[in-house]
Amino acid sequence: QDGFFMENKEKLINGALQALLTKEGDQDAISDGVLEEQFQALRRLFASKAGFAAFISLPGCREKMGWKVVKALKRKNDAITFAAVDMLNCLMQPMHDNYDLGQEQMNKGSLLSSKGFLLELLNTFTHHVNKGTGALVISALLDFMTFALCAPYSETTESSHFDSMLEMVADLGRYLFRLFQHPSMAIVKGAGLLMKAIIEEGTSEIAAKMQ
(Lines give C-alpha, C1' and ligand atoms only; values in the text may rest on other atoms or scores of the structure.)
Protein backbone atom coordinates (compact mmCIF):
# COMPACT_ATOMS: atom_id res chain seq x y z
CA GLN A 1 0.00 0.00 0.00
CA ASP A 2 2.86 2.38 0.84
CA GLY A 3 4.31 1.66 -2.60
CA PHE A 4 1.00 2.53 -4.26
CA PHE A 5 0.74 5.90 -2.47
CA MET A 6 4.42 6.63 -3.07
CA GLU A 7 4.00 5.99 -6.80
CA ASN A 8 0.98 8.28 -6.95
CA LYS A 9 2.85 10.99 -5.02
CA GLU A 10 5.77 10.73 -7.44
CA LYS A 11 3.40 11.18 -10.39
CA LEU A 12 1.83 14.25 -8.76
CA ILE A 13 5.23 15.83 -8.06
CA ASN A 14 6.51 15.14 -11.57
CA GLY A 15 3.27 16.52 -12.99
CA ALA A 16 3.59 19.69 -10.91
CA LEU A 17 7.21 20.16 -12.04
CA GLN A 18 6.23 19.61 -15.66
CA ALA A 19 3.44 22.18 -15.33
CA LEU A 20 5.81 24.74 -13.80
CA LEU A 21 8.32 24.17 -16.59
CA THR A 22 5.85 24.42 -19.45
CA LYS A 23 3.56 27.14 -18.07
CA GLU A 24 6.05 29.41 -16.32
CA GLY A 25 5.28 32.35 -18.64
CA ASP A 26 7.65 34.84 -20.26
CA GLN A 27 10.49 35.14 -17.73
CA ASP A 28 11.19 38.70 -18.84
CA ALA A 29 7.56 39.78 -18.52
CA ILE A 30 6.10 38.07 -15.43
CA SER A 31 5.99 40.12 -12.23
CA ASP A 32 8.64 39.88 -9.51
CA GLY A 33 6.06 38.41 -7.12
CA VAL A 34 5.05 35.62 -9.52
CA LEU A 35 8.68 34.70 -10.27
CA GLU A 36 9.53 34.55 -6.56
CA GLU A 37 6.50 32.30 -5.96
CA GLN A 38 7.61 30.01 -8.81
CA PHE A 39 11.02 29.52 -7.19
CA GLN A 40 9.38 28.88 -3.81
CA ALA A 41 7.12 26.24 -5.37
CA LEU A 42 10.08 24.62 -7.14
CA ARG A 43 12.03 24.54 -3.88
CA ARG A 44 9.22 22.66 -2.16
CA LEU A 45 8.99 20.16 -5.02
CA PHE A 46 12.77 19.59 -5.20
CA ALA A 47 12.84 19.10 -1.42
CA SER A 48 10.89 15.85 -1.90
CA LYS A 49 12.57 12.59 -2.86
CA ALA A 50 10.69 12.38 -6.17
CA GLY A 51 11.41 16.02 -7.02
CA PHE A 52 15.09 15.65 -6.16
CA ALA A 53 15.38 12.76 -8.65
CA ALA A 54 13.27 14.55 -11.28
CA PHE A 55 15.92 17.28 -11.67
CA ILE A 56 17.98 14.77 -13.66
CA SER A 57 15.28 12.41 -14.97
CA LEU A 58 12.73 14.95 -16.21
CA PRO A 59 13.64 15.94 -19.80
CA GLY A 60 14.81 19.54 -20.11
CA CYS A 61 14.55 20.25 -16.37
CA ARG A 62 18.25 20.98 -15.74
CA GLU A 63 18.61 23.28 -18.73
CA LYS A 64 15.38 25.12 -17.94
CA MET A 65 16.36 25.66 -14.30
CA GLY A 66 19.82 27.00 -15.21
CA TRP A 67 18.36 29.44 -17.72
CA LYS A 68 15.62 30.46 -15.27
CA VAL A 69 18.12 31.22 -12.47
CA VAL A 70 20.45 33.26 -14.71
CA LYS A 71 17.49 35.31 -15.97
CA ALA A 72 16.31 35.83 -12.40
CA LEU A 73 19.72 37.08 -11.20
CA LYS A 74 19.66 39.77 -13.88
CA ARG A 75 16.61 41.33 -12.21
CA LYS A 76 18.83 42.38 -9.26
CA ASN A 77 15.91 41.76 -6.90
CA ASP A 78 17.07 40.40 -3.53
CA ALA A 79 13.88 38.46 -2.79
CA ILE A 80 13.99 36.69 -6.17
CA THR A 81 17.74 36.04 -5.93
CA PHE A 82 17.33 34.51 -2.47
CA ALA A 83 14.42 32.31 -3.63
CA ALA A 84 16.45 31.13 -6.65
CA VAL A 85 19.57 30.26 -4.61
CA ASP A 86 17.44 28.63 -1.89
CA MET A 87 15.99 26.38 -4.60
CA LEU A 88 19.51 25.51 -5.85
CA ASN A 89 20.57 24.60 -2.32
CA CYS A 90 17.74 22.05 -2.20
CA LEU A 91 19.36 20.37 -5.19
CA MET A 92 22.89 20.58 -3.76
CA GLN A 93 21.97 18.98 -0.42
CA PRO A 94 18.87 16.74 -0.06
CA MET A 95 16.19 17.98 2.33
CA HIS A 96 14.45 14.59 2.63
CA ASP A 97 15.25 11.43 4.62
CA ASN A 98 16.84 8.25 3.23
CA TYR A 99 18.30 10.02 0.25
CA ASP A 100 20.33 8.42 -2.51
CA LEU A 101 24.00 9.50 -2.46
CA GLY A 102 24.31 8.72 -6.16
CA GLN A 103 21.41 11.05 -6.95
CA GLU A 104 22.95 13.77 -4.79
CA GLN A 105 26.24 13.39 -6.67
CA MET A 106 24.50 13.63 -10.07
CA ASN A 107 22.48 16.71 -9.10
CA LYS A 108 25.50 18.42 -7.61
CA GLY A 109 27.66 17.51 -10.61
CA SER A 110 25.10 19.04 -12.96
CA LEU A 111 24.95 22.32 -11.00
CA LEU A 112 28.74 22.62 -10.72
CA SER A 113 29.53 21.67 -14.33
CA SER A 114 29.08 25.13 -15.87
CA LYS A 115 31.76 27.65 -14.95
CA GLY A 116 29.71 30.46 -16.50
CA PHE A 117 26.73 29.62 -14.29
CA LEU A 118 28.92 29.53 -11.16
CA LEU A 119 30.48 32.88 -12.06
CA GLU A 120 26.99 34.41 -12.23
CA LEU A 121 26.36 33.22 -8.67
CA LEU A 122 29.76 34.36 -7.37
CA ASN A 123 29.39 37.77 -9.03
CA THR A 124 26.10 38.18 -7.16
CA PHE A 125 27.94 37.26 -3.96
CA THR A 126 30.75 39.81 -4.44
CA HIS A 127 28.23 42.51 -5.40
CA HIS A 128 26.40 42.17 -2.07
CA VAL A 129 29.56 41.84 0.03
CA ASN A 130 30.89 45.04 -1.58
CA LYS A 131 27.67 46.93 -0.97
CA GLY A 132 27.07 45.53 2.51
CA THR A 133 23.58 44.42 1.42
CA GLY A 134 21.58 41.23 0.93
CA ALA A 135 22.45 39.31 4.11
CA LEU A 136 20.00 36.52 3.24
CA VAL A 137 21.40 36.27 -0.29
CA ILE A 138 24.98 36.14 1.05
CA SER A 139 23.97 33.47 3.58
CA ALA A 140 22.27 31.34 0.89
CA LEU A 141 25.28 31.62 -1.44
CA LEU A 142 27.64 30.68 1.41
CA ASP A 143 25.48 27.57 1.91
CA PHE A 144 25.78 26.76 -1.81
CA MET A 145 29.60 27.00 -1.62
CA THR A 146 29.65 25.04 1.66
CA PHE A 147 27.66 22.18 0.10
CA ALA A 148 30.27 22.03 -2.67
CA LEU A 149 33.49 22.44 -0.69
CA CYS A 150 33.11 21.73 3.03
CA ALA A 151 33.07 18.36 4.78
CA PRO A 152 30.97 16.29 5.07
CA TYR A 153 28.99 17.66 2.11
CA SER A 154 32.03 17.76 -0.18
CA GLU A 155 32.25 13.95 -0.13
CA THR A 156 29.70 13.87 -2.97
CA THR A 157 31.45 16.59 -5.01
CA GLU A 158 33.38 15.20 -7.99
CA SER A 159 37.10 15.95 -7.73
CA SER A 160 37.28 18.00 -10.95
CA HIS A 161 34.31 20.15 -9.88
CA PHE A 162 35.76 20.46 -6.37
CA ASP A 163 39.13 21.71 -7.65
CA SER A 164 37.54 24.17 -10.06
CA MET A 165 35.11 25.54 -7.46
CA LEU A 166 37.83 25.75 -4.81
CA GLU A 167 39.96 27.88 -7.11
CA MET A 168 37.03 30.17 -7.94
CA VAL A 169 36.12 30.63 -4.26
CA ALA A 170 39.78 31.18 -3.32
CA ASP A 171 39.76 34.11 -5.75
CA LEU A 172 37.12 35.66 -3.48
CA GLY A 173 39.57 35.68 -0.55
CA ARG A 174 39.30 39.36 0.34
CA TYR A 175 35.49 39.23 0.16
CA LEU A 176 35.46 36.26 2.56
CA PHE A 177 37.79 38.14 4.94
CA ARG A 178 35.39 41.10 4.91
CA LEU A 179 32.59 38.83 6.09
CA PHE A 180 34.42 38.20 9.38
CA GLN A 181 33.18 41.70 10.33
CA HIS A 182 29.56 40.90 9.41
CA PRO A 183 26.94 41.36 12.19
CA SER A 184 25.40 37.95 11.39
CA MET A 185 27.23 35.14 13.21
CA ALA A 186 25.85 32.60 10.73
CA ILE A 187 27.56 34.47 7.90
CA VAL A 188 30.82 34.74 9.89
CA LYS A 189 30.69 30.98 10.51
CA GLY A 190 29.97 30.25 6.81
CA ALA A 191 32.91 32.37 5.69
CA GLY A 192 35.12 30.64 8.28
CA LEU A 193 34.18 27.15 7.04
CA LEU A 194 35.06 28.13 3.47
CA MET A 195 38.40 29.65 4.53
CA LYS A 196 39.17 26.42 6.41
CA ALA A 197 38.39 24.35 3.29
CA ILE A 198 40.58 26.58 1.10
CA ILE A 199 43.52 26.33 3.52
CA GLU A 200 43.20 22.57 4.03
CA GLU A 201 42.39 21.51 0.47
CA GLY A 202 44.01 24.21 -1.69
CA THR A 203 47.32 23.93 -3.51
CA SER A 204 50.42 25.85 -2.42
CA GLU A 205 49.67 28.33 -5.24
CA ILE A 206 46.20 28.98 -3.84
CA ALA A 207 47.64 29.38 -0.34
CA ALA A 208 50.20 31.89 -1.62
CA LYS A 209 47.47 33.84 -3.43
CA MET A 210 45.39 33.96 -0.25
CA GLN A 211 48.32 35.41 1.72
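A residue counts as buried when its relative accessible area is under 20%, as exposed when that area is over 50%, and as partly exposed in between. In this predicted model, Glu 120 has a relative accessibility of 25%, so Glu 120 counts as partly exposed. Glu 120 forms a salt bridge with Lys 74, and the closest N and O atoms are 3.6 Å apart. Since Glu 120 lies in helix α7 and Lys 74 in the loop between α4 and α5 (78-92), the pair ties together parts that are 46 residues apart in sequence. Lys 74, at 54%, counts as exposed.

The backbone oxygen of Glu 120 is reached by the side chain of Thr 124 at 3.0 Å. Thr 124 is likewise found in helix α7 (residues 115-131), and with 13% relative accessibility it counts as buried. Beyond residues up to four places away in sequence, Thr 124 touches Leu 73, Thr 81, Val 137 and Leu 141.

The whole structure holds eight salt bridges. One of them joins the side chains of Asp 28 and Lys 71 (2.8 Å, N to O). Asp 28 sits in the loop between α1 (2-22) and α2 (32-46) and Lys 71 in helix α4 (residues 61-73), so this pair ties together parts 43 residues apart in sequence.

Contacts of Met 165 include Phe 144, Met 145, Ala 148 and Leu 149.

Technical notes: Residues are numbered from 1 along each chain as its sequence is written. This is a predicted model: local features need pLDDT of at least 70, side-chain atom pairs count only at pLDDT 80 or more; totals for chains, interfaces and linings use all residues. Side-chain values use heavy atoms; hydrogens and water are left out. Contact means heavy atoms within 4.5 Å. Helices (H or I, at least four residues) and strands (E, at least two) are DSSP runs, numbered from the N terminus. Buried means under 20% relative accessible area, exposed over 50%, partly exposed in between (1.4 Å probe, protein chains only). A polar contact is a pair of N or O atoms within 3.5 Å; within protein, one must be able to donate a hydrogen and the other to accept it, and residues adjacent in sequence count only if both atoms are side-chain atoms. A salt bridge is a side-chain nitrogen of Lys or Arg within 4 Å of a carboxyl oxygen of Asp or Glu.
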